[in-house]
Amino acid sequence: MKKNNIAILILAAGSSSRLGEPKQLLELNGETLLQKAIGTALGISDSVTVVLGANKEIIQPTISDYSIQLAFNKNWKEGMSSSIQVGMESLEHDKYDAVLIMLCDQPFVDVLLLNNIIAVFEKNKNPIVACEYTPCPLKGEDKIGVPALFDVSFFEKLKKLKGQGGAKALMMNHIEEVEKVVFEKGEIDVDTQEDWARLKNEI
């Protein structure tokens with residue numbers, strides 16, 4: 001059953017400068033990375049918002065057939081936090097108990113993972129549920145990140161985020177309130193052509 005009390009934000013506003021082409025439009029198995037992320041999100045909730053920015057004019061037509069909301073971040077150069085702000089501003093906050101934040105370039109995110117995050121949230125009542133990536137490269141330290149879910153008590157904090165790091169700093173500043181879900185391939189994303197070539201070999 002869909003969780004329409006949970007909004008999903010997909011951040012897809014970056015310019016992919018290190019990659020040299022819009023990562024949102026890279027294709028795997030007949031669909032773009034952004035289309036895959038949207039399809040996964042819609043398997044969880046009908047309340048899906050995609051935040052676009054750079055290359056909006058060529059990306060938007062590729063997702064026009066999806067029943068989603070679009071938000072445009074004119075300040076996308078300021079980093080991921082600005083996209084979270086724009087996405088949060090677009091939500092009718094009184095309709096939702098939580099927001100789940102995703103990126104468009106983690107191809108191993110699936111419905112099972114998102115359902116697991118939501119189940120942990122509903123069971124443990126922690127205000128934040130984040131993914132723990134394995135293997136952890138930082139001398140045994142936890143490496144946490146998105147997809148991550150924040151309950152309504154964090155909505156105002158998300159709207160005030162600053163900087164390039166997105167919600168990571170918020171999670172680390174409230175680490176005692178974070179429940180973790182293991183996401184074994186969470187570190188696999190697409191920032192460079194080398195990343196893209198490696199990913200295509202794994203799929």
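Tutor: Helices (H or I, at least four residues) and strands (E, at least two) are DSSP runs, numbered from the N terminus. The model is predicted: local features need pLDDT of at least 70, side-chain atom pairs count only at pLDDT 80 or more, and totals for chains, interfaces and linings use all residues. Residues are numbered from 1 along each chain as its sequence is written, and side-chain values use heavy atoms, with hydrogens and water left out.

Student: Which strand holds Pro147?

Tutor: Start with the backbone. The peptide bond from Val146 to Pro147 is cis, with omega near -5°. Most peptide bonds are trans. Pro147 itself is found in residues 144-151, strand S8.

Student: Is Ser16 buried or exposed?

Tutor: Ser16 is in the loop between S1 and strand S2 (27-28). Its phi is near 55°, positive in a residue other than glycine. Buried means under 20% relative accessible area, exposed over 50%, and partly exposed in between (1.4 Å probe, protein chains only). Ser16 has a relative accessible area of 9%, so the residue is buried.

Student: And Lys125, buried or exposed?

Tutor: Lys125 is not a glycine, yet has a positive phi of about 65°. It lies in the loop between helix H4 (111-124) and strand S7 (128-133). Its relative accessibility is 62%, so Lys125 counts as exposed.

Student: How many of the 10 residues of helix H1 are buried?

Tutor: Helix H1 covers residues 33-42 and is largely enclosed by the rest of the structure. Its buried residues include Leu33, Leu34, Ala37 and Ile38.

Student: Which strands and which helix do the buried residues of H3 pack against?

Tutor: In helix H3 (residues 80-90), the buried residues are Ser81, Ser82, Ser83, Ile84, Gln85, Gly87 and Met88. Contact means heavy atoms within 4.5 Å. The partners are strand S1 (6-12), strand S4 (48-52), strand S6 (98-103) and helix H5 (155-159).

Student: How many residues are in the largest nonpolar core?

Tutor: A nonpolar core is a set of buried Ala, Val, Leu, Ile, Met, Phe, Trp, Tyr and Cys residues joined through side-chain atoms within 4.5 Å. Ile10, Leu34, Phe150 and Leu158 have the most contacts inside the largest one. S1 gives the largest share of this core, seven residues. The residue count of the core is 68.

Student: What kind of aromatic pair do Tyr133 and Phe183 form?

Tutor: Rings of Phe, Tyr and Trp (its six-membered ring) pair if their centres lie within 6.5 Å; planes under 30 degrees apart count as stacked, over 60 as edge-to-face and the rest as tilted. A search of the whole structure finds two aromatic pairs. In this one the ring centres are 6.3 Å apart and the planes are at 80°, so the pair is edge-to-face.

Student: How many residues apart are Tyr133 and Phe183?

Tutor: Tyr133 is buried at 8% relative accessibility, and Phe183 is buried at 6%. Tyr133 is in strand S7 and Phe183 in strand S9 (residues 178-183), so distant parts of the chain are linked. Their separation in residues is 50.
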